[in-house]
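Let us take a few places in turn and see what is to be found at each.

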Protein chains: 2
Amino acid sequence: MIDRAVAGRVQPDTTDLGPGDDAAVVRAADGRVVVSSDMLVQGRHFRFDWSTPEQVGRKAAAQNAADIASMGAWPTAFLVSLGCPPDTPIRVADALSEGIWAEASALGAGVVGGDTVQSDQVVLSLTVLGDLRGRDAVLRAGARPGDQVAVTGRLGWSAAGLALLVADNRDFPELVDAHRVPTPPYRRGPDAAEAGATAMTDNSDGLVADLGHLCAASGVRVDLDPAALTPDPPLRAAAQTLGVDPSAWVLTGGEDHSLLATFPRGAALPDGWRRIGVVRAGAGVTVGGRAWSGSGGWQSFG
Amino acid sequence: MIDRAVAGRVQPDTTDLGPGDDAAVVRAADGRVVVSSDMLVQGRHFRFDWSTPEQVGRKAAAQNAADIASMGAWPTAFLVSLGCPPDTPIRVADALSEGIWAEASALGAGVVGGDTVQSDQVVLSLTVLGDLRGRDAVLRAGARPGDQVAVTGRLGWSAAGLALLVADNRDFPELVDAHRVPTPPYRRGPDAAEAGATAMTDNSDGLVADLGHLCAASGVRVDLDPAALTPDPPLRAAAQTLGVDPSAWVLTGGEDHSLLATFPRGAALPDGWRRIGVVRAGAGVTVGGRAWSGSGGWQSFG
């Protein structure tokens, strides 16, 4: 299975030694490596009746790489461990690998190692390495009162897509696709770092939840501007069909892996970033100055 | 759970940024990072009726770190992803974490990140980073005919311990402990690299199996010297009790995570290494010039 996953793959220049030995060797040109791991479990994080194995692989790599982008870094290499039942068709493992490689290749990254074991459920565990290219990492803990709060990427699309899948509604394929395969605006993470972002994270658990983590780390409050959070037209249309409030998707929908950052007051936002609020003294996230009364976001361990 | 795993832990100097943000930042002083991942599944790779969760954690970290040592490198940081059922007692997760930290700390490494998710079985996925300290990695593919074959560390102890656990025999605690928590001779990996080892790997699947991988990668045959592979006294005693042949443990028992390397003909072996055979032209592993007729080793995906 490992041989099939690596055969014929082209590694980037940053891969000094790819898969096949006891360990891989990856370049870390500036003397540091940024690193993050994610674990995805079948039935909890993905369903093969909702997504193809290739989509699951792409999503796994995308959410993992978004954590690197949100530090202001570039992904260089993935390691992929796969647990699966012995009766898993080889085409499923191949397609998972294909999806991971597709996302990695688009990022200029390699898949350099991993493990394959037998388990009752399909479990996918990814680790991604990244390169800060000499810059400081942008942490969650740098926002200061007065900073602008900005986002790049979609808000609520993945949650809307999930709601449509649950309702078995096929009328909004662009939203369902956004749930199946998020498209994090990777390069805008390093752009934000270059532009002086004071704090950054990615939207994995929902806007209010992830900004809440940023607020806690920075010791500040974020006040979101409701006028800047108007749901995108497809969300409004889908919400009307389903009879729900699309604002909840925007405020609490996770898994879009958009990037959230704070920038100094008055700083010009880099390309693709839009202002959605302001940092204040205090704690927590408010919307138009008021506490958000809905759920805080998606919890992976409920 | 993640908070509990990281609270009060001391990170080494190589950890620029530890857990708690979207990603960690680890030093890679020579501009490269060695990296390897392992996945362990309850019921297949460990059993909580045979090992404490702390022992499982130690073993997971040890087998992961042995892959770094066998490249000639030093472990610097671990990432740990844990999947577990919602009714898993918090003390189990704490003890797993404690075991991983114990092994990491003994190595001077940190635990810098990971993930925690819900799954049906306990699944532990580790990634370890390492530092080559300016030297080339020692690959499996460097052995040349005429080289000495050498080992450092135990052979067959873990397999003997497993056989005793299966037989519910408690008379050889040192062997059972060796199965529960392997003690890879980590520092002898970099020693071997310094001494000019031409190829190296760790004994995770069994002597014949792992040397077979080295032979395949190097395009050579290894001929083992039976006189150098006499089972250690506790193995002989345990084998007598169980009525089995201890040579099978020595030749095919995995999970000791001893290190196996080849050195140039005539080179003095570094401290702790002992000669067990010679590299010849050809393919595969022979014992005293003859094909080994037993099983090749332990397969994690049978």
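In this predicted model, helix α4(A) passes helix α8(A) in a left-handed crossing. The two helices span residues 157–166 and 233–242 of chain A, and they pack at an angle of about 30° with their axes 11 Å apart. Angles under 35 degrees count as roughly parallel, so α4(A) is described as roughly parallel to α8(A). From α4(A), the contact draws on A:W157, A:A160, A:A163 and A:L164, while α8(A) brings A:L235, A:A238 and A:L242. What classes of residue make up the contact of α4(A) with α8(A)? Seven are nonpolar, with no polar and no charged residues.

A helix has a repeat that helps in reading such lists. An α-helix has 3.6 residues a turn, so residues three or four places apart point the same way.

Chain B has a helix pair to set beside this one. Helices α4(B), residues 157–166, and α8(B), residues 233–242, pack at about 30° with axes 11 Å apart. That angle makes α4(B) roughly parallel to α8(B), and their crossing is left-handed. Here B:W157, B:A160, B:A163 and B:L164 of α4(B) meet B:L235, B:A238 and B:L242 of α8(B). By class, this contact has seven nonpolar residues and no polar or charged ones.

Back in chain A, helix α5(A) covers residues 173–180, and its buried residues are A:L175, A:V176, A:A178, A:H179 and A:R180. These buried residues pack against α2, α4 and α8 of chain A, which brings us back to the helix pair of chain A described above.

**Where the chains meet**

The contact between the chains takes 51 residues from chain A and 51 residues from chain B. On the side of chain A that touches chain B, the elements giving two or more residues are β1 (15–17), β2 (24–27), β3 (32–41), α2 (53–69), β4 (74–84), β5 (110–118), β6 (123–131) and β8 (199–202) of chain A. Which element gives the largest share of that side? It is β3(A), with nine residues. By class, the side of chain A that touches chain B has 22 nonpolar, 17 polar and 12 charged residues.

Strands also pair from one chain to the other. Strand β2(A) and strand β3(B), residues 32–41, are antiparallel over four bridges, and A:A24 has B:V35 as its bridge partner in β3(B). In turn, β3(A) is joined to β2(B), residues 24–27, by four bridges, and these strands also run antiparallel. There A:V35 stands opposite B:A24 of β2(B).

Strand β2(B) has a partner within chain B as well: β1(B), residues 15–17, pairs with β2(B) in the antiparallel sense over two bridges. B:L17 has B:V25 as its bridge partner in β2(B). The hairpin of β1(B) and β2(B) has six residues between the strands, and in this hairpin B:G20 takes a positive phi near 120°.

| Strand pair | Bridges | Facing residues |
|---|---|---|
| β2(A) and β3(B) | four | A:A24 and B:V35 |
| β3(A) and β2(B) | four | A:V35 and B:A24 |
| β1(B) and β2(B) | two | B:L17 and B:V25 |
| β9(B) and β11(B) | four | B:D223 and B:V278 |

**A sheet in chain B**

**One residue in chain A**

To finish, look at A:T286, which sits in strand β12(A), residues 284–287. Is A:T286 buried, exposed or partly exposed? With 18 other C-beta atoms within 10 Å, A:T286 is partly exposed. Leaving out residues up to four places away in sequence, A:T286 touches A:R221, A:D223, A:L224, A:A291 and A:W292. A:P226 lies 60 residues from A:T286 in sequence, and their C-alpha atoms are 9.9 Å apart in space.

Definitions and conventions: Residues numbered from 1 in each chain as written. Chains lettered and ligands numbered in written order. Predicted model: local features only at pLDDT ≥ 70, side-chain atom pairs only at ≥ 80, totals over all residues. Contact = placed C-beta atoms within 7 Å. Nonpolar A, V, L, I, M, F, W, Y, C, P; charged D, E, K, R; others polar. Pairing = 2+ DSSP bridges. Axes fitted to C-alpha atoms, helices over the stretch in contact; angles between N-to-C directions. Parallel < 35°, antiparallel > 145°, perpendicular 65-115°, else oblique. Left-handed = near helix turned anticlockwise from the far one by under 90°. Buried ≥ 20, exposed ≤ 12 C-beta atoms within 10 Å, placed from the backbone.
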